[in-house]
Amino acid sequence: MAYGPLAQCAFMSGPSQFRKKAPAKHEEKIYKEKLPPYKPPERCEAPPPGAFMLYCFDMDEVKADPNTTSRSLPLDEMAHAVFGSSQDVDGMVYDGNRGVRHEHAAIYYMKSK
């Protein structure tokens, strides 16, 4: 019979205690912290009328027909725009791709000094 810190006597002390599994733990793991909803800066304001336009292209349509029309969103009267995959935020430009976060990006207009 072998004795020592790494080997136990199977005859006297029962089966080895090494590699004995602990009971499973059911914990909710948070890998990334959830950020609070986006709030635009206080000094943000609507841009001048007709100054900015947001264009959207669907790549499949453009590859099939290069002369295809794009979708457009005038940014008049919009102090800010948020892009993301959340369907709970009002006024968000929605993109349902799995690589897009709930609130992925934001643009806003602010006059400088």
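**Entry 1: a residue in a loop.** Where is Glu 77 found? I looked it up, and Glu 77 sits in the loop between β2 (71-74) and β3 (80-84). I keep in mind that this is a predicted model. Next I checked the backbone, and Glu 77 has a positive phi of about 65 degrees although it is not a glycine. Is Glu 77 buried or exposed? Its relative accessibility is 75%, so Glu 77 counts as exposed, because exposed means over 50%.

**Entry 2: the overall plan.** I then stepped back to see the whole chain. I noted two helices and five strands for the protein chain. Reading along the sequence, I wrote the pattern down as α-β-α-β-β-β-β. I also looked up burial: of the 113 residues in the protein chain, 11% are buried.

**Entry 3: the sheet.** Which order do the strands of the open sheet have? I found three strands in the order β4-β3-β5, and their pairing is mixed. β4 (92-94) and β5 are at the edges with a single partner strand each, so one side of each has no neighbour in the sheet. On average, neighbouring strands of this sheet are turned by 25 degrees against each other, direction ignored. As a reminder to myself, strands of a sheet pair through backbone hydrogen bonds, either parallel or antiparallel. In which sense do β3 and β4 pair? Their pairing is parallel, and it runs over three bridges.

**Entry 4: aromatic rings.** How many aromatic pairs does a search of the whole structure find? The search gives one. This pair is made by Phe 52 and Tyr 109, and it is tilted, with 5.8 Å centre to centre and 55 degrees between the planes. I wanted to know which parts the pair ties together. Phe 52 lies in the loop between α1 (10-13) and β1 (53-56), while Tyr 109 lies in the segment after β5 (105-108), so the pair ties together parts that are 57 residues apart in sequence. I also looked up how open Phe 52 is: with a relative accessible area of 43%, Phe 52 is partly exposed.

**Entry 5: a surface patch.** Which residues form a nonpolar patch on the surface? They are Met 53, Tyr 55 and Phe 57, and together they have about 350 Å² of accessible area. I placed one of them, Tyr 55, in strand β1.

How values were computed: Residues numbered from 1 in each chain as written. Predicted model: local features only at pLDDT ≥ 70, side-chain atom pairs only at ≥ 80, totals over all residues. Heavy atoms only, no water. Phe/Tyr/Trp six-rings, centres within 6.5 Å; stacked < 30°, edge-to-face > 60°. Helix = DSSP H or I, 4+ residues; strand = E, 2+ residues; numbered from the N terminus. Buried < 20%, exposed > 50% of the residue type's maximum accessible area, 1.4 Å probe, protein only. Patch = residues over 30% accessible without salt bridge, like charges linked within 9 Å, V, L, I, M, F, W, Y side chains within 5 Å. Areas by Shrake-Rupley, 256 points an atom, 1.4 Å probe, with all protein chains shown as cover. Salt bridge = Lys/Arg side-chain N within 4 Å of Asp/Glu carboxyl O. Pairing = 2+ DSSP bridges. Axes fitted to C-alpha atoms, helices over the stretch in contact; angles between N-to-C directions.
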